Amino acid sequence: MRTTLRIRRAAMVFTAVGALALTGCGDDGGSGKGKTSGGSGSDEPSSSAVALPKLDGEKISVAAVWTGPEQANFLKVLKEFEKRTGATVTFVPAQDPIVNFLGTKIAGGQPPDVAMIPQVGAIKQAVEKKWAKPVGAEAKAQLAKNYAKVWQDLGAVDGTQYGVYFKAANKSLIWYNAKAFENAGASEPKTWKDFMATAETVSASGVTPVSVGGADGWTLTDWFENVYLSQAGPEKYDQLAQHKIKWTDPSVKDALTTLAELFGKPSLIAGGADGALQTEFPASVTQTFTGGDQPKGAMVFEGDFVGVNIAQTKAKIGTDAKVFPFPAVGAESPVVTGGDAAVALKDSKGAQALLTWLASADAAKIWAEQGGFISPNKSLDAAAYPNEVQRTMAKALIAAGDAVRFDMSDQAPQSFGGTPGKGEWKTLQDFLKNPKDIAGTQAKLESDAAKAYKS
């Protein structure tokens, strides 16, 4: 769930449709009402748009950090692979940072056959450690057929393909409790200034406006990256992502100053800073859509995958739960996405077959029908998505083609951009607690980044 794209055309598509035709979308993203093929619950026979080998008796293990509904939906994808090949697939629950988790498994002589890796930097580390195996010819053929070049390049290291991006995410969305907005007389803001005014309007109605899952540091990197991308622009974004400019750069100061406008007002955040730092991401969503018109927070920021967590409440997307693009801080609203890539850790027929499967539109269709998922696979029929909200976001992602930029923290070495309690995650948690210390925050970010990029 952790990554960033800037999509100019996607932003235009998103804005043009306003609230994404939400008023007509009664299905929620995680309802699971859509039928899937074969192993995912359909009585219809499996199609064979992708050729897979017979793997009777072969055992394959797949490690991923997904839990709850995400894990359950991925298991449906794996079940269909089992049905088509005869293999037996075991899901191995992983933890962040996944490189450390995989290192422990490899040191113990029990590496999984395939790992779903959520950071570009982690793929590079797996290659440098000689864990990752190159993608085979069949999977590469699926990638060439189904993916824009940028998604292929994101899974490559020094020109060799290692990763197959299976799941993407638009992480530039603000979801809101429609009833709380209606009671407050609030409307969807388009700029950061309007967003702050809307927050004050909601607060005046007696409802705390913003729910923040600060216990998970990755959500705070997403807050920063959206503000930075919109305010500083794509060129600066690329430079900071590659550490070609320092975190002490004035552009970082500007972004933190903007973010402090929200973080510096505890009354606008559910539970204040202390409460936010004790709130994990799933709870930040569910507390926004429970409690009727008196939720703990009226808005929550994060990606399309929020739909999975909303499905755990009684709220319905399109009626009770609505969404608008992350407000423009600079000239344009940012569009940020995440992605999870399948990487083979064993050079086996089964591992390569699974990569081929995950690169196919057939595999993407199974999870797409369940909701809470967007695929970078351009061959996937948008009709597979369960509602207009996700269809619109998916179409925007595909329409963007190669005009994308990946999540800054996920491009960084994992010790800086992807480790709980360390680096960027920890420093931004400290910033949430003390948003006045902008210079100190910049200095700590630069110190940690310098060490991580050097190593």
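This is a predicted model: local features need pLDDT of at least 70, side-chain atom pairs count only at pLDDT 80 or more; totals for chains, interfaces and linings use all residues.
Local features of the model are given at pLDDT of at least 70 and side-chain atom pairs at pLDDT 80 or more, whereas totals for chains, interfaces and linings use all residues. Residues are numbered from 1 along each chain as its sequence is written, and side-chain values use heavy atoms, with hydrogens and water left out.

The chain holds 21 helices and eleven strands, which are DSSP runs (helices H or I, at least four residues; strands E, at least two) numbered from the N terminus. Of its 455 residues, 60% count as buried, a term for under 20% relative accessible area with a 1.4 Å probe, protein chains only.

Strand S1 (residues 59-64) runs parallel to strand S2 (residues 88-93), and six bridges join them, where pairing requires that DSSP finds at least two bridges between two strands. Within this pair, Ala63 stands opposite Val92 in S2.

In helix H3 (residues 98-107), the buried residues are Ile98, Val99, Phe101, Leu102 and Gly103. These residues pack against S1 and S2, and also against strand S3 (114-117), helix H4 (120-128) and helix H19 (414-417), a contact being heavy atoms within 4.5 Å.

Thr288 lies in the loop between helix H13 (281-286) and strand S9 (299-301), and counts as buried because its relative accessibility is 0%. Leaving aside residues up to four places away in sequence, Thr288 touches Asn177, Ser211, Pro295, Gly297, Ala298, Met299 and Val300.

Definitions and conventions. Buried means under 20% relative accessible area, exposed over 50%, partly exposed in between (1.4 Å probe, protein chains only).
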